[in-house]
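Subject: Structure handover and notes

Dear colleague,

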Amino acid sequence: MPTSALVLFSGGQDSTTCLALALSKYERVETIAFDYRQRHHVELTSRLHVLREIKAHFPQWAGKLGDDHLLDLAVLGEVSETSLTRDTAFKMEQSGLPNTFVPGRNLLFLTLAAAVAYRRDLQVLMTGVCETDFSGYPDCRDETMKAMQLALSLGMAKICLIETPLMWIDKAATWQLAHDLGHSSGALGGGEALVHLIIEHTHTCYLGDRTHRHAWGYGCGSCPACDLRARGYGRFVGLTTKQSEPG
Ligand code: ZN
């Protein structure tokens with residue numbers, strides 16, 4: 001059984017939930033992120049706040065949390081013409097994909113993460129990719145992940161496991177998962193604390209907006225990422241309210 005993981009940790013809701021899951025099941029956990037000159041560059045600051053808050057409020061996890069790696073991937077911004085790397089409006093392309101899709105992004109991320117995991121002797125790569133209610137990004141699909149797992153394991157002559165715990169759950173269930181993980185962490189008020197930490201400190205908005213505060217956190221409130229996060233939170237709160245009603 002694997003005992004260590006490298007989490008692809010962008011500082012968003014999904015990757016923070018993955019980090020919590022990794023900390024709940026593995027003995028040694030490290031984190032990695034990439035600076036590809038994304039418009040929502042602020043996520044690279046958010047992730048440091050998330051790491052700090054986890055260490056401060058989840059003592060059972062703090063000791064397992066090891067090095068954080070930030071890799072410069074400016075070349076990805078240079079080769080891609082997308083609304084995440086250029087100052088253009090969000091729209092759907094003729095291909096049927098939104099222009100927030102950065103071709104090759106997750107493939108590069110996983111390859112570099114596998115190289116770091118190799119050097120650091122970490123057994124699992126964990127990523128928050130999701131096929132359920134996302135934008136149909138082909139590099140988030142389960143099949144793509146399985147193919148990458150095989151390619152990386154063959155190419156490095158070492159088993160490289162890719163774990164995708166959010167693949168088949170929607171955003172509401174991701175909020176719920178964070179709540180459950182926080183609850184079982186042993187931290188005081190852990191469920192609420194982890195949800196609160198995600199609301200306050202994670203970043204999802206494509207425009208990098210940290211000035212507008214909503215019930216579900218900071219963001220412009222109208223980009224596709226904000227929309228998804230807000231709707232998921234609404235359903236999560238609805239679910240939680242229903243569960244806590246008497247009878
Ligand atoms: Zn937004």
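The notes below go through some strands, a helix, a histidine and the cysteines.

This is a predicted model, in which local features need pLDDT of at least 70 and side-chain atom pairs count only at pLDDT 80 or more, while totals for chains, interfaces and linings use all residues. Residues are numbered from 1 along each chain as its sequence is written, and side-chain values use heavy atoms, with hydrogens and water left out.

I begin with the strands, which, like the helices, are DSSP runs numbered from the N terminus (at least two residues of E for a strand, at least four of H or I for a helix). Two strands are said to pair if DSSP finds at least two bridges between them. Strand β1 (residues 4-8) pairs with β2 in the parallel sense over five bridges, and Ser 4 stands opposite Arg 28 in β2. Between β1 and β2 the chain passes through helix α1 (residues 13-25), and this β-α-β crossover is right-handed, a term which applies if, with the strands pointing away from the viewer, the path from the first strand over the helix to the second runs clockwise. Strand β3 (residues 65-72) also pairs with β2 in the parallel sense, over six bridges, and here Asp 35 stands opposite Asp 72 in β3. Seven of the eight residues of β2 (residues 28-35) are buried, so the strand is largely enclosed by the rest of the structure; buried means under 20% relative accessible area, exposed over 50%, and partly exposed in between, with a 1.4 Å probe and protein chains only.

Helix α8 (residues 190-201) is also largely enclosed, because nine of its twelve residues are buried, among them Gly 191 and Val 195.

Leaving aside neighbours within four places in sequence, His 179 is in contact (heavy atoms within 4.5 Å) with Gly 191, Glu 192, Val 195 and Phe 236.

Finally, a disulfide is taken to be a pair of cysteine sulfur atoms within 2.5 Å, and by this rule the count is zero. For Cys 130, the nearest cysteine sulfur is that of Cys 140, 8.0 Å away. Cys 130 is buried, with a relative accessible area of 10%, and Cys 226 counts as buried at 1%.

With best wishes
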